[in-house]
Amino acid sequence: MPLTCEDRAVITELIAMHGHLCDAGELGRLDEVFTIDVVYDVTDFGQEALRGVAACAEAGRALGELNPVGHHVTNIVLDEQADGRVRARSKGIGVNADGTTASVTYEDVVVRVDRGWRISHRTVRARRVPLGG
């Protein structure tokens, strides 16, 4: 079934909600964004991939004061796949407490589950050099 305009709006809001939940410290609500068994790939930062929404919440709590004070997402592009999944790419900007910023690219796989659309796999790639490096 093709993606509707409503699906596109819901998926875009889903991607945006991640930053709102993290910035508010509402990590117990990450299941509103991710599947329970999400793979959150942060290997580009020298860490192991996180497996499961509980592991994502715990990693955020463990990071504590080192978390950005603001997670901002922009440039969301959705690509419908033949199997019903959606591949989403977006840009993330993190604002730290000291005013420094960092940029990432989010590569998501979004699936429809019984509770609606959720991200089942997210790869976070650090942007370290201009023009694709």
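Predicted model: local features only at pLDDT ≥ 70, side-chain atom pairs only at ≥ 80, totals over all residues.

**Entry 1: Leu3**

Is Leu3 buried or exposed? I found a relative accessibility of 15%, and because buried means under 20%, Leu3 counts as buried.

Next I looked up what touches Leu3. Leaving aside neighbours within four places in sequence, I listed Arg8, Ile11, Glu80, Val86 and Trp117 as its contacts. I also checked Leu3 against Gln81: they are 78 residues apart along the chain, and their C-alpha atoms are separated by 9.8 Å.

**Entry 2: the overall fold**

I then stepped back to the whole protein. I noted two helices and six strands, and reading from the N terminus their order is α-β-β-α-β-β-β-β.

For overall dimensions, I wrote down a box of roughly 45 × 35 × 25 Å, filled by the C-alpha atoms and taken along the principal axes.

The accessible surface comes to about 7,900 Å², and carbon and sulfur atoms hold 53% of that. Of the contacts between residues at least 6 apart in sequence, 45% join residues at least 24 apart.

**Entry 3: the largest pocket**

How much space lies in the largest pocket? I got about 830 Å³. Its lining has 31 residues, and those nearest the centre are Tyr40, Leu63, Asn67, Pro68 and His71. Elements giving two or more residues to this lining are H1, strand E1 (34-41), helix H2 (53-63), strand E3 (70-80), strand E4 (86-95) and strand E5 (101-113).

I sorted the lining by residue type as well, and it splits into 18 nonpolar, 11 polar and two charged.

Last, I went through the backbone angles.

Asn75, in strand E3, has a phi near 55°. Asn75 is also exposed, with a relative accessible area of 53%.

Leu131 has a phi near 55° too, and I found Leu131 in the segment after strand E6 (116-126). With a relative accessible area of 89%, Leu131 is exposed.

Definitions and conventions
Residues numbered from 1 in each chain as written. Heavy atoms only, no water. Buried < 20%, exposed > 50% of the residue type's maximum accessible area, 1.4 Å probe, protein only. Contact = heavy atoms within 4.5 Å. 1 Å grid on protein atoms, 1.4 Å probe; cavity = no way out; pocket = protein on both sides within 12 Å on 5 of 7 lines; lining within 4 Å. Points joined across faces, edges and corners; volume = space filled by probe spheres on them. Helix = DSSP H or I, 4+ residues; strand = E, 2+ residues; numbered from the N terminus. Nonpolar A, V, L, I, M, F, W, Y, C, P; charged D, E, K, R; others polar. Areas by Shrake-Rupley, 256 points an atom, 1.4 Å probe, with all protein chains shown as cover.
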